[in-house]
Amino acid sequence: MSSAVASRNVVRRLINATQHSACPCHGCRAGGAHNPIQALQQMRKYATPVEALPVEKEYAFEVAAANLRFGEGVTREVGMDFKNMGARKVAVFTDPNVAKLPPQRWYAISSLEAQEDLPFEVYDRVVAEPTEESWRDAIAWARKHDCSHYLAVGGGSVMDTAKAANLFAVYKDADLFDFINAPVGKGLPIKEKLRPLIAVPTTAGTGSETTGTAILDITSMAFKTGIANRAMKPMLGIVDTLNTRTCSRELHISAGLDVLFHSLESYTAIPYNERTPRPANPILRPAYQGSNPVADIFSMWALRTTVQHLPRISKDPGNFESLSQMMLAASFAGIGFGNAGVHLCHGISYPISGLNKKGPKFKYSGYNVDHPIIPHGVTVALPAPAVFQFTAPSSPDRHREALAIFQGVGTFDSSITAIPDRDIGAHLFEAIARFLDNLGVPRGLKAVGYSRADIPALVDGTIPQRRVLDLAPGIGDIVGEDGREHLTRIVENSFEY
Ligand SMILES: [Fe+2]
């Protein structure tokens, strides 16, 4: 389209808006013009080539509330829930470890069996840190069994796999990459209604019971990505405080680190009204919208709770009060980041996890698996001190609040207010590194087997994570030289500390 034609189209749209809409700011480029005179003034302003117009910023955010049931022993109600919904047949997803544990064996399955005439089928082959191959297996199973309802009992891997199986059992002919986030996949919108899914988390970590996000490892590309769409959100999350009591100390910690950085990343993500471009249709508004007043409340509560209770669990994994608080914090952080998004720690974590299988082959202790694994929460934590040092100048006040929480003092304590804005990042680096050290987290990428020669590959694996990097404050154009330079510096500063 030539610029002259483009300009004429802009003018025509503005004239239309003044003639046919009482308040043109709801749908056109008039930018708040409420009467024809203003619109004509705007017309002059916008009668320039379309290419020269600024990309419009987002002006709205949406709140997708989660349906949660929280309490001790509530997993036992799940059979009644499916009966109440008139389920024809339930697909139960779990993994081989959880299949042997009380949440699945004693609570969920007994609850389904207690209902008369409630058929169910169990898929127990979910793998920790799912891959394309493991998703394809689960999808083929779901397509074959044609269930009317879904139940996921397990950690994030189980809940995410159940979401994907549900999606692709409804879209029977779709390819995996049709819905995977662009630019890795096509990122198509989900227009069909999916089957109702009830999620029962058995770790206090991912918050997947509250979100429409499902993550997988694209092994051929050596990084993780996923599908993020509200259509995949469970219709109910059953948050049972009994369900994490059999977890190892290492699992409590790695899951808790995920909660910690879901909270802190969503609180420091770019504000929703700074995100571009404004979607042309509400169906295109991403689930990850940027920080917003509703997500902030959930994220900050989860951050405070995690900083308080995770160290107590590290010292005593039998501290049931702290385990319960972390269950709630995981779900609250899920609501926070499910509406705001995460950014750099998660973006960088995906290649840390993916490349480990080819490179360092680090196997984290406390995980009962036969393949190399750095748990998701640990991969997120490794770059965290350097990430928040980098993001601090974008919103010093928010980072100052976070620093006060880590220091265990009020935001207006003189030890916090005395720090000039330019030094907040350095203080936060130290506070987060100390917090992680006290939990026994490896001190940087070197400690899990990476060498400095791996830095370019880690940066290359981060750049395609547009879904989260678009929310990173201060990173600039991620596909340009600036973005690459910033990422390289963050990864270098995460190497050893
Ligand atoms: Fe996470």
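Student: I have this predicted model open. How do I read a pair of helices that meet, and at what angle do H13 and H19 cross?

Tutor: Look at how close the two axes come and at the angle between them. Here the axes of helix H13 (residues 384-391) and helix H19 (residues 481-493) come within 8 Å, with a crossing of roughly 135°. Angles over 145 degrees count as roughly antiparallel, and H13 and H19 are therefore oblique to each other.

Student: Is the crossing of H13 and H19 left-handed or right-handed?

Tutor: H13 passes H19 in a right-handed crossing. To find the contact, pick out Ala-386, Val-387 and Phe-390 on H13, then His-486, Ile-490 and Asn-493 on H19. Sorted by class, the contact of H13 with H19 has four nonpolar residues, two polar ones and no charged ones.

Student: Why would residues a few places apart on a helix point the same way?

Tutor: An α-helix has 3.6 residues a turn, so residues three or four places apart point the same way. Keep that in mind as you look at the next pair.

Student: Which way do H9 and H10 run relative to each other?

Tutor: Start with the angle again. Helix H9 (residues 293-315) and helix H10 (residues 320-340) have axes that come within 8 Å and cross at roughly 150°. H9 and H10 are therefore roughly antiparallel to each other. Their crossing is left-handed. On the H9 side the contact includes Val-294, Phe-298, Trp-301, Thr-305, His-309 and Ile-313, while the H10 side includes Ser-322, Met-326, Ala-329, Phe-332, Gly-336 and Ala-340. By class, the contact of H9 with H10 has 14 nonpolar, eight polar and one charged residues.

Student: Can you show me burial with one residue? Why does Ala-162 count as buried?

Tutor: You count the C-beta neighbours. A residue is buried if 20 or more other C-beta atoms lie within 10 Å of its own. Ala-162 is found in helix H6, and with 30 C-beta neighbours inside 10 Å, Ala-162 counts as buried. Leaving aside neighbours within four places in sequence, Ala-162 is in contact with Phe-93, Tyr-150, Ala-152 and Leu-197. Ala-162 and Ala-214 are 52 residues apart in sequence, yet their C-alpha atoms are 8.9 Å apart in space.

Student: Is Glu-265 buried or exposed?

Tutor: Glu-265 lies in helix H8 and is buried, with 30 other C-beta atoms within 10 Å. Not counting residues up to four places away in sequence, Glu-265 touches Phe-337, Val-342, His-343, Cys-345 and His-346. Glu-265 and Leu-471 are 206 residues apart in sequence and 9.3 Å apart in space, C-alpha to C-alpha.

Student: And the whole chain? How many helices and strands are there?

Tutor: The chain comes to 19 helices and eight strands. Buried residues make up 48% of its 497 residues. Among contacts between residues at least 6 apart in sequence, 80% join residues at least 24 apart.

Conventions:
Residues numbered from 1 in each chain as written. Predicted model: local features only at pLDDT ≥ 70, side-chain atom pairs only at ≥ 80, totals over all residues. Axes fitted to C-alpha atoms, helices over the stretch in contact; angles between N-to-C directions. Helix = DSSP H or I, 4+ residues; strand = E, 2+ residues; numbered from the N terminus. Parallel < 35°, antiparallel > 145°, perpendicular 65-115°, else oblique. Left-handed = near helix turned anticlockwise from the far one by under 90°. Contact = placed C-beta atoms within 7 Å. Nonpolar A, V, L, I, M, F, W, Y, C, P; charged D, E, K, R; others polar. Buried ≥ 20, exposed ≤ 12 C-beta atoms within 10 Å, placed from the backbone.
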